[in-house]
Amino acid sequence: MAIRRVKMDEKQVTGAQKLVQGLEREGVEYVFGLSGGAAIPIFDALVDSKIKLVLVRHEQGATHMADGYARATGKPGVVLVTSGPGATNTVTGLLTSHMDSAPVIVITGQTITPMLGKDAFQEADVTGITYPVVKHSYLVKDVEEIPRIVREAFYLAVSGRPGPVLIDIPKDVSSAPCSAPFTDQVDLPGYRIVGRGSAKSIQRAADLLARSKRPLLYVGQGAVISGAHKAVMTLAEKLRAPIVNTLLGKGGADETHPLNLGMLGMHGTAYANKALEHCDLIMSIGARWDDRVTGKVDEFCVDAKKIHIDVDEAEFNKIIATDVCILGDARLVLEDLIPLVDMLDTSEWLRRCSEWRKRYPLKYPRRGGLRAQLVLDRLNDITQGRAVLTTDVGQHQMWAAQFCRTTTPRNWITSGGAGTMGFGMPAAIGAQFGRPEADVWAIVGDGGFQMTQAELATAAVHKLPIKILIINNNYLGMVRQWQELFFDNRLSGVDLEGNPDFVKLAEAYGIKGIRIRRAADVTRKLREAHAYRKGPCLVVAEVAKEDNVYPMWPAGAPVTEMLVEAPKHKLEKPRGST
Amino acid sequence: MAAPELISEPTPKPIHTISLFVHNKPGVLVRVALVFARRGYNLESLVVSPAAEGQFSRMTITCTGDPQTLEQIIRQLHKLIDVVRAVDHTGDAAYQSEIALVKVACGLNDRTPVLQIAEHYNAKVVDYGPESLMLRIFGSSEKLDAFIELVRPYGLRELVRSGKILMARGLRET
């Protein structure tokens, strides 16, 4: 079947050129991508553009880079890949961005329209495959739709609750002449963005707060996205209410502030979880009562009043029934709420919180080899909340969340909802492109790192001064921890025997490699890496093989079953999900 | 045209009726169906038709499942960019209607009771063959249920129902 050929006069542009013009109009600086047959017209159009193309080594890496760029800057990250396997390799990244509300645009090449549905070479029904993991998606059948779709995609990605948007463009569409003009307007009658919350519900929240003796502000990523961090601190100080934040809410409230008890949840600080157990009011500020936070839903804060501020109405009463729901942007809602509240008599409550802080501090063994916690504790001393930290998922992630305290928004980038291994290093690359002056540390495990390690080449070729800290215990450590605690230590599929020498691996890419074996060397070697700006620097911390993350409450258990340290008795298998 | 009281047993799970006003675009139906499927809801019937405004469509969906999940489903449907409106009409005083075609395999000598039932329910014979009858009936879904159960013993061979359609009364939006 022949592609319809249309003669173009010199002033006309192709769909691909129009697409790239659209990206330029949206202020795109970088496109993270990997080329392929169906996307060649778009890659060709990029040659004449000021947009810089970052060639990755695997499409999953591109999606995490775009995600890291987006979360570090608040601007949408853009991915460009080809059809078929190129497109399906973005699915994990789409899920990651979707679960964590990151604005990412994924543009996929597609086979020519006459061949759609006929098993053409490198054809995949990409819109079909990705429906559940995108905020919205487009299959472009008419070249004249390109200007409108590009505008809509960017508008949708960043507004309301952000998320990924996919644009699938058949090759004959990107090659065809396009004369449709750009417009700034979007016409989406099915899409509603909320701003200020209703005065009535905000007043009801203020009334509940006024009657509370033991309030707790529960800060999620919504506070980061809406830029509510200052309002959160103002509210906490005005009320004299303690704060806890979620894994993704790190940066939504200053973790070094005396009112902030740090991260709550399955591996949160014991004092944050004690406050959760004993509060008489909990107010979610852009947090969605995730199962890592609630544990057993039936026993979650049974006697506490619950207030929920969210930009996404579908989060209300999804997991936890609340007393007051405020639909609105977290910052705007807090700004309206602050004048309505007065200082509460929380002296006794704050005294108890600080007692818990003293009685159950974060701690770790000093013997038995180099401890990951010590490495991250020292890294925190060096970065002091000023660096951008990215992570993978697992033990290193939880230790980093506990020990590396976040003070400002957009300095903590982790895969929370999806729990994607291999996220951290490419996300750091994206973050460094977005914020070239920042110190960016990727904190990764030896397992996750190897899933996207090919992107070392991407970091090396651009001489990005990212620092990659591999917490190497030669295990898939979090799973090993579960097997030890809940499965009679029957280890299955967790021993990463065969790991490479990571320093030699770095050298093979022309990257500086540093190995840490002894506790005494940690600070000096981390400082050396931190100061190195000539290119990437990979630091391998050879840590104790068998160490566990505490505190911990088994999945699906109530907070009262929290283990502050290694249990003396055998544990039952968890009832909750993973 | 008064239908007799419902004869069949009430269904154990409540049947919900949801009306959607959506963009008429490819893929909308899949997006909508995924919201239900992921949350364990079973679609009983689905009617898609053009709306008065050409670029939009109507979907009328009846489904069964846990009522607590329904609130979440409606909100997730609302979140779809292509869904302009999602309304749960369960329990509303909306006008509802459905049409059914019923084929009864009964010979010329056995069809008197079937024709009596049909007359009572105002069902029209649309195909009169030597070995079978085709009847067309419209009305509320409950009326159709009752009619079908009455003719079933006489040799119900095939049944095709349109699925429920519904419109809010007065000037309220569907």
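This is a predicted model: local features need pLDDT of at least 70, side-chain atom pairs count only at pLDDT 80 or more; totals for chains, interfaces and linings use all residues.
Residues are numbered from 1 along each chain as its sequence is written, while chains are lettered from A and ligands numbered from 1 in the order in which they are written.

**View 1. A cis peptide bond at A:P551.** The bond from A:Y550 to A:P551 is cis, and its omega is near -5°. Helices (H or I, at least four residues) and strands (E, at least two) are DSSP runs, numbered from the N terminus.

View 2. A:C301 sits in the loop between α13 (291-294) and β13 (305-310) of chain A. Its phi is near 40°, a positive value in a residue other than glycine. A:C301 is buried, as 21 other C-beta atoms lie within 10 Å. Here a residue is buried if 20 or more other C-beta atoms lie within 10 Å of its own, exposed if 12 or fewer, and partly exposed in between, with C-beta atoms placed from the backbone. Now look at A:R410, in the loop between α17 (395-403) and β16 (412-413) of chain A. A:R410 has phi near 65°, a positive value in a residue other than glycine, and counts as buried with 21 C-beta neighbours inside 10 Å.

**View 3. An open parallel sheet in chain A.** Six strands of chain A line up in the order β3-β2-β4-β5-β7-β6, with parallel pairing. β3 (52-55) and β6 (136-139) of chain A stand at the edges with a single partner strand each, so one side of each has no neighbour in the sheet. On average, neighbouring strands of this sheet are turned by 20° against each other, direction ignored. Two strands pair if DSSP finds at least two bridges between them; strand β2 (residues 30-33) of chain A pairs with β3(A) in the parallel sense over four bridges. To find your way in this pair, look for A:G33, which stands opposite A:L55 in β3(A).

**View 4. Two helices of chain A pack together.** Helix α11 (residues 229-239) and helix α14 (residues 330-337) of chain A pack at an angle of about 30°, their axes 9 Å apart. That makes α11(A) roughly parallel to α14(A). Axes are lines fitted to C-alpha atoms, for helices over the stretch in contact, and angles run from 0 to 180 degrees between N-to-C directions. Angles under 35 degrees count as roughly parallel, over 145 as roughly antiparallel, 65 to 115 as roughly perpendicular and the rest as oblique. A:A231, A:V232 and A:L235 of α11(A) make the contact with A:R331, A:L334, A:E335 and A:L337 of α14(A). Residues are in contact if their C-beta atoms, placed from the backbone, lie within 7 Å.

**View 5. Chain B meets chain A.** Chain B has four helices and nine strands, and its C-alpha atoms fill a box of roughly 55 × 35 × 30 Å along the principal axes. The contact takes 16 residues from chain B and 13 residues from chain A. On the side of chain B that touches chain A, α1 (28-38), α2 (67-79) and β4 (83-88) of chain B give two or more residues. α2(B) gives the most, with six residues.

Terms used
Two residues are in contact if their C-beta atoms, placed from the backbone, lie within 7 Å.
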